[in-house]
Amino acid sequence: MSFFAALLLSFFMGDVLWWLLAHRRLRTRAARIAAALWAAAMLGGFGLIIGGRFAGGGWEDSLPRPALSAVFVWHLLVLPAWLVWELAKLPVRLLRRNPPVAEAGGLSRREFLSFAPAVIVSSSAMAAETQLEEFRVRRLTVPVVGLPQALDGLTIAHVSDLHVGRFTRGAVLDRMVRATNELEPDLTLLTGDLINFALRDLETGIDFVRELRARHGVFFCEGNHDLIESPAEFRRRVLRAELPFLRGEAETLTIRGATVQVLGLPWSHGDGAHAHAIASLDSQRRGDAFPILLGHHPHAFDFAKDFPLMLAGHTHGGQLMLNEQLGCGPAFFRYWSGLYRRDGRALVVSNGIGNWFPVRIGAPAEIVHITLKHVA
């Protein structure tokens with residue numbers, strides 16, 4: 001069995017297990033019917049998402065966005081947490097000699113805990129409706145060793161992880177374009193995940209890139225979500241649209257009399273792949289040019305030892321963060337949000353402006369406005 005099939009089976013079994021335990025713990029017929037309806041709704045929504053992706057159609061588009069948010073939060077966050085909680089309690093239950101006595105009247109503690117996950121998911125889905133439309137402009141001054149004096153004060157609008165799709169579409173895209181262009185940057189640079197996964201959304205993503213404006217150019221590299229359905233087809237359509245797409249390529253510019261190279265990494269994952277991708281780009285470097293490296297995965301920074309400045313995304317700022325140092329960001333990534341400096345080099349990691357998952361905590365969606373500062 002493939003990993004993906006095993007993952008799908010685990011989601012299905014988790015839904016069924018929650019329903020069986022809820023049915024066993026709930027005392028009233030109405031409560032049991034409510035639990036069964038919830039489990040059926042979550043399974044049905046999950047089936048629409050997965051079935052549509054296998055069939056090549058957007059079946060999930062038939063779901064209202066709050067319902068789709070609920071399915072995502074349930075299966076990717078709350079249900080796994082609930083299963084861990086139940087497993088953690090299992091030894092205590094096995095050692096307990098006397099089972100808990102059901103309370104007379106009212107909602108028992110066991111019944112409340114059975115419904116708590118559904119309440120959390122419903123609340124999260126409602127909160128996501130406003131959150132999915134919000135983003136900020138984050139301003140960073142980035143000291144860069146060896147930056148030519150002529151480029152002191154150069155501005156970059158860093159846009160990453162647009163994820164055009166079910167959670168990022170419509171009027172909010174126009175607001176994102178307008179907010180980016182109002183910064184009047186020297187360069188607008190995008191670091192991957194233009195679409196969430198579906199190639200049917202690519203035309204919208206292409207239109208988004210075409211509407212961006214910058215004094216000296218707009219450039220972007222690919223991300224992992226861009227390649228989910230078909231890497232070859234994504235690249236073919238982007239190139240056919242004549243977009244400024246850099247995949248293992250470099251674009252040379254003259255800005256304020258200084259030579260600048262913007263280089264884009266192909267999507268890679270794992271230290272060996274990052275090292276290989278960087279080595280492939282090194283042959284395109286011009287000794288007289290100041291290089292700006294675009295890469296989707298921030299871990300490539302560890303191997304970009306000859307690049308004074310790198311921009312990346314992919315992490316969504318950690319997505320779920322309790323504070324700046326505690327959450328999914330540091331649990332999964334060496335670099336996850338903001339400015340990092342190492343050996344005289346600088347890395348800027350964007351939280352991303354779009355969403356593949358509907359809830360963010362402590363990691364707001366953003367456009368990053370970068371001002372470069374000369375450091376001798």
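## Aromatic pairs

Two rings of Phe, Tyr or Trp count as a pair if their centres lie within 6.5 Å. This is a predicted model. By that rule, the count comes to ten aromatic pairs.

One of them joins Phe301 and Tyr335. The centres lie 5.5 Å apart, with 90° between the planes, so the pair is edge-to-face by the cut-off of over 60 degrees. Phe301 sits in the loop between β7 (290-294) and β8 (309-312). Tyr335 sits in the loop between α9 (328-332) and β11 (338-342). The pair therefore ties together parts that are 34 residues apart in sequence.

## The cluster around Tyr335

Tyr335 also pairs with Tyr340. This pair is edge-to-face too: 5.2 Å centre to centre, 70° between the planes. Phe301, Tyr335, Trp336 and Tyr340 form one aromatic cluster.

Are Phe301 and Tyr335 buried or exposed? Both are buried. Tyr335 has a relative accessible area of 9%. Tyr340 counts as buried as well, at 16% relative accessibility.

## Helix α6

Helix α6 spans residues 202-211. Its buried residues are Leu202, Gly205, Ile206, Phe208 and Val209. Seen down the helix axis, they fall within an arc of 155°, so they line one face of α6. In an α-helix, residues three or four places apart point the same way, because there are 3.6 residues a turn.

What covers the buried residues of α6? The cover includes strands β2 (155-159), β3 (187-191) and β4 (218-221). Helices α5 (171-182) and α7 (231-240) also contribute.

## A nonpolar surface patch

Leu9, Phe12 and Met13 make a nonpolar surface patch of about 290 Å². Met13 lies in helix α1 (residues 3-25). Met13 counts as exposed, because its relative accessibility is 51% and the cut-off is over 50%.

Notes. Residues are numbered from 1 along each chain as its sequence is written. This is a predicted model: local features need pLDDT of at least 70, side-chain atom pairs count only at pLDDT 80 or more; totals for chains, interfaces and linings use all residues. Side-chain values use heavy atoms; hydrogens and water are left out. Patches are made of residues with over 30% relative accessible area and no salt bridge: like charges are joined within 9 Å, nonpolar side chains (Val, Leu, Ile, Met, Phe, Trp, Tyr) within 5 Å. Accessible areas come from the Shrake-Rupley method with a 1.4 Å probe; for residues, only the protein chains shown count as cover. A salt bridge is a side-chain nitrogen of Lys or Arg within 4 Å of a carboxyl oxygen of Asp or Glu. Helices (H or I, at least four residues) and strands (E, at least two) are DSSP runs, numbered from the N terminus. Buried means under 20% relative accessible area, exposed over 50%, partly exposed in between (1.4 Å probe, protein chains only). The arc is that of the directions from the helix axis to the C-beta atoms. Contact means heavy atoms within 4.5 Å. Rings of Phe, Tyr and Trp (its six-membered ring) pair if their centres lie within 6.5 Å; planes under 30 degrees apart count as stacked, over 60 as edge-to-face and the rest as tilted.
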